[in-house]
Amino acid sequence: MKNKWLKLIILLLLAAVALSLAVGLGSVSIPLPEQFSILLGKFFGTSGNYTDTSATILTTIRMPRAFLAFLVGGGLAVAGVVTQSILQNPLASSYTLGVSSGAALGAAIMTVMEISIPILGVLLLPTGGFLGGLLAVLFVMALSRKIDHGVSSHTVVLIGMIVSMFTNAIITLLSLLFIKHEHQIISWTMGSFNGKRWYHVAILLGADLIAIILTMVRHRELDALSFGDEHAASLGVNVTKVKMRQLILASLLTGISVCFTGTIGFVDLIAPHIGRKLIGATHKWMIPVSFLIGGILMTLADLIARTILSPMELPVGAVTALIGAPFFMYIYFSRRNKNVG
Amino acid sequence: MSDRIILENVRAGYRGKEVLHDISLEIPSGKTVLILGENGSGKSTLLKAMAGLIPYEGSITVDGKEVKKMPPKERAGKISLLSQMNSAYFSYTVEETVRMGRYRFHTGLFETVGDKEAEKVEECMKKTNILEIRSERIGELSGGQLQRVYLAQLFAQESDYVFLDEPTNHLDLKYRVGLEQELKSSGRSIVAVYHDLIPAFSIADEIILIKDGHVLKIGAPDEIKTSEVLNEAFGMDVVSYLGK
């Protein structure tokens, strides 16, 4: 137990380091002491040794971007934890299940149809993303059940991939048919944290908090579900209700992340895997630990995307895929050999 | 009527295919009742239906309450099931897995495991001889070890009725005999699907013979053992085989 707390604290420190690097590095370098003086200046009006330009870069460009990357990574990782548990499949994730591309399609439809629901305001796109993601996962599950009665891991992953590809094709089609929105739609398919503001951070923070708390509350049910639906039911879990609720929460986490930043794959697959290796499979620990790992990975991936070919910026989805795809193959084949995740 | 399981005109199956046809029977509490029959005769389906894990038509009551209407935790207090196909998808430790059997007792969100709870889990691990491997990950265990872990989880659930689907599968002889003695002496209500006929007749108080989703006969082991119906259930001359 003590050991687990220690690991959690180390991860928190690593998260702070990753965030500090992400806000400090770039075309204008802002070292840690300067970051502190800027923040002290902003909050307490103390004077310090920094320029207005670095203050603006830090607080209006880099900080919201880095925090958003962290929250997206953490949220996607928790969504991954949930989908892996309820499908008893360490290869499942929002990305491999088609939730991400469904969410991107939902947001794209909202955009090209120029739908406006005043009461939703800035929440319109997140709502589209959430609904698109949820519909996609429900479709994948229904189709998997129809094709393969046992709903095996491989079937679900395969159908998820097919639905993803199909959805992406529709997104591409939409981008060609609605040239006016082409740039925004294409950027969703690759993922980017460029130009994000504090209100994006605020919305995602709210959604992450709600979804993660509601998921933590069900940590025991997620443990039981990891052993299969029947096993969980015989232990006393209300399987249908818990699964449905958790799938909705996972879609919420993914949908909102995706519609702000686009589809970014593999973090939701890798973070839970590292989390499980680090701290074991119990969800009471897995959820916070995977959130931190996902946040750290995404923050660093975005830092790489932003700086490695500077001044050119890579889509962050490309960075996560470059690292994630070989990792996915590694899990797939080591699992086939060992048959355990 | 309480203290027993009663099935009335039960039909159940999977995806539109009916496996159990119009089954009516009674299982008294406090007894060891074994379900015997050929592969595919509907033994496991019967256990799952009685445990409320698959939908059924007709009525199944446990101690006077309809199984499908019971809230899941209440049902888990009445019935626990060790099913045949148990696998380990994620790397929980043995102790964590056994502790999951206590799920129905948990009400708070993050209450720490009290001494009494820890003792209970320990006791169950001791009973199935897995104390030494308590910190090992279940993905690394042998089939027999994993089976004992799930048995410990089942004991931890402390339900009134214990359903076992071929519990001695994967078990070495010494553990199999140990389990059979444990079942016999526990005084609990046990309903088990059993593959091995010879030990089945020595541990059962009552035997339910099933063929093609119908109940052929229910009776005491001695009565069943010499009955021609036994031959019908298995499609061979089991009576003379057992007589030898």
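What residue follows helix 7 of chain A, and is its phi positive or negative?

Reply: One thing to know is that this is a predicted model, where local features need pLDDT of at least 70 and side-chain atom pairs 80 or more, while totals for chains, interfaces and linings use all residues. Residues count from 1 along each chain as written, with chains lettered from A and ligands numbered from 1 in written order.

Your residue is A:G191, and its phi is positive, near 85°. Helix 7 itself covers residues 182-190 of chain A (helices are DSSP runs, H or I, of at least four residues; strands, E, at least two; numbered from the N terminus). Its buried residues are A:I185, A:W188 and A:T189 (buried: 20 or more other C-beta atoms, placed from the backbone, within 10 Å of its own). Look down the axis of helix 7 of chain A and those buried residues fall within an arc of 100° (by C-beta directions from the axis), so they line one face of the helix.

Elsewhere in chain A, helix 3 (residues 52-86) and helix 12 (residues 267-279) have axes that come within 7 Å and cross at roughly 75° (axes are fitted to C-alpha atoms over the stretch in contact; angles run 0 to 180 degrees, N-to-C). That makes helix 3 of chain A roughly perpendicular (65 to 115 degrees) to helix 12 of chain A. On the helix 3 side, the residues that meet helix 12 of chain A include A:G73, A:L76 and A:Q84, and their partners in helix 12 of chain A include A:V267, A:D268 and A:P272 (contact: C-beta atoms within 7 Å). This contact divides into eight nonpolar residues, three polar and one charged (Asp, Glu, Lys and Arg are charged; Ala, Val, Leu, Ile, Met, Phe, Trp, Tyr, Cys and Pro nonpolar; others polar).

Now for where the chains meet. Chain A puts 21 residues into the contact, and chain B puts in 26. On the side of chain A that touches chain B, helix 9 (219-225) and helix 10 (229-235) of chain A are the elements giving two or more residues. Helix 10 of chain A supplies the largest share, five residues. That side of chain A splits into seven nonpolar residues, 10 polar and four charged.

Over in chain B, there's an open sheet of six strands in the order 6-7-8-3-9-10, with mixed pairing (pairing takes at least two DSSP bridges). Strand 6 (79-82) and strand 10 (214-219) of chain B are the edges, each pairing on one side only. From one strand to the next, the twist averages 15°.

Conventions
A residue is buried if 20 or more other C-beta atoms lie within 10 Å of its own, exposed if 12 or fewer, and partly exposed in between; C-beta atoms are placed from the backbone. Two residues are in contact if their C-beta atoms, placed from the backbone, lie within 7 Å. Angles under 35 degrees count as roughly parallel, over 145 as roughly antiparallel, 65 to 115 as roughly perpendicular and the rest as oblique.
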